[in-house]
Amino acid sequence: MRRALLSFLAVGLAGTLQSTAHAQFGSGIVYDPTQSAHAVVQIENEETSLGHEVEQIENGQQIFTNTVKIAATALQAYNQIKQQYELYHQMILAPQMLYERFLSPTTDLIMLQEINNTYGNSMGWINASNTGSGAAAAYLQVSVPHTNNIVPGYATSSYQGQKQIAAQGATVDLNDSLLTTNLQALGTIRANQQARQTDIANLEAATQTTNPSQQTVMAELQRINQALLLQLRTQQDSNQINADFALQQLVAQKQQQDAMKAAFRDSAGYESFYNANVATTSSGAADLLTQSY
């Protein structure tokens, strides 16, 4: 562009010089170098202005290109947001459409019902097994009364005999405590079952609802925490039952061990008992039988 303008200026200047030269010598037109210099400066300024305008046009094209890119990015973001909204809308409707058909009916912990109360002493046990209250009194009503008196002859028996009697008495006391504790624990679990079932039903309803306020991330995290708490409480109940059952098994094993130890003790003392009691009374009869034959 600049070279073309300079070439055009040079040609014009040459023509002017020829004309002026001719004028100075024949036509009466006088050549003015000052005006020519001004004309050159104006041409250069016009060239500079044209260059600026070209730069502005190029900048405008770049701005337009950037604007097109921004518009394309905005359109892409809009499409993504639209897809997310449609997915979100489907997720709101999904709980009832996808999960409800897979739900199975719940089975509550059944409360004990009294069929007969022949001697009027079983009602307390039924109430304790359903509520957990009054377990000790209810157990005493349906069991053989415990005697607080020491069995006759305990004081005069041998040390080993006293240990055996005391071990059997401890087994009876431990079984009474364990049975009472188990009755109270199971009754408390049954009493809390209705409230636990209500919590599970509320959690299930909140999971399947189409309410947008229940489809947020915070609401979902709260439901997960609630489910974990319910699971922990149920696990605590199971641990309580397992611990009580383990203690009951320990007492039963203790009873078996006591019986085995008593049998071994009796076997160890059988020979001395036979020689001291049976052999002395039967030795004369054996001699008589020998002499008769």
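# A pocket, a helix and some charged pairs

Colleague: How much space lies in the largest pocket?

Modeller: This is a predicted model, where local features need pLDDT of at least 70 and side-chain atom pairs count only at pLDDT 80 or more, while totals for chains, interfaces and linings use all residues. Residues are numbered from 1 along each chain as its sequence is written, and side-chain values use heavy atoms, with hydrogens and water left out. A pocket here is an open set of points on a 1 Å grid over the protein atoms alone, where a 1.4 Å probe fits, with protein on both sides within 12 Å along at least five of seven lines. Points are joined across faces, edges and corners, and the volume is the space filled by probe spheres set on them; for the largest pocket that comes to about 310 Å³.

Colleague: Which residues lie closest to the centre of the largest pocket?

Modeller: Lining residues have an atom within 4 Å of a point. The largest pocket has 14 of them, and the closest to its centre are His146, Asn149, Val151, Ile165 and Gly169.

Colleague: Is Asn130 buried or exposed?

Modeller: Asn130 is found in helix α3, residues 123-131, where a helix is a DSSP run of H or I with at least four residues, numbered from the N terminus. Asn130 touches Met111, Leu112, Gly187, Arg190 and Ala191, leaving aside residues up to four places away in sequence; contact means heavy atoms within 4.5 Å. Buried means under 20% relative accessible area, exposed over 50%, and partly exposed in between, using a 1.4 Å probe and protein chains only. At 14%, Asn130 is buried.

Colleague: Which helices do the buried residues of α3 pack against?

Modeller: In α3, the buried residues are Ile126, Ala128, Ser129 and Asn130. Their packing partners are α4 (135-142) and α5 (159-208).

Colleague: How many residues apart in sequence are the parts that Arg196 and Asp237 tie together?

Modeller: A salt bridge is a side-chain nitrogen of Lys or Arg within 4 Å of a carboxyl oxygen of Asp or Glu, and the side chains of Arg196 and Asp237 meet in one at 3.5 Å, N to O. Arg196 lies in helix α5 and Asp237 in helix α6 (residues 217-268), so the parts they tie together are apart in sequence by 41 residues.

Colleague: What separates Glu220 and Arg223 in helix α6?

Modeller: Glu220 forms a salt bridge with Arg223, with the closest N and O atoms 2.4 Å apart. Because they are three residues apart in helix α6, their separation is about one helical turn.

Methods. Helix = DSSP H or I, 4+ residues; strand = E, 2+ residues; numbered from the N terminus.
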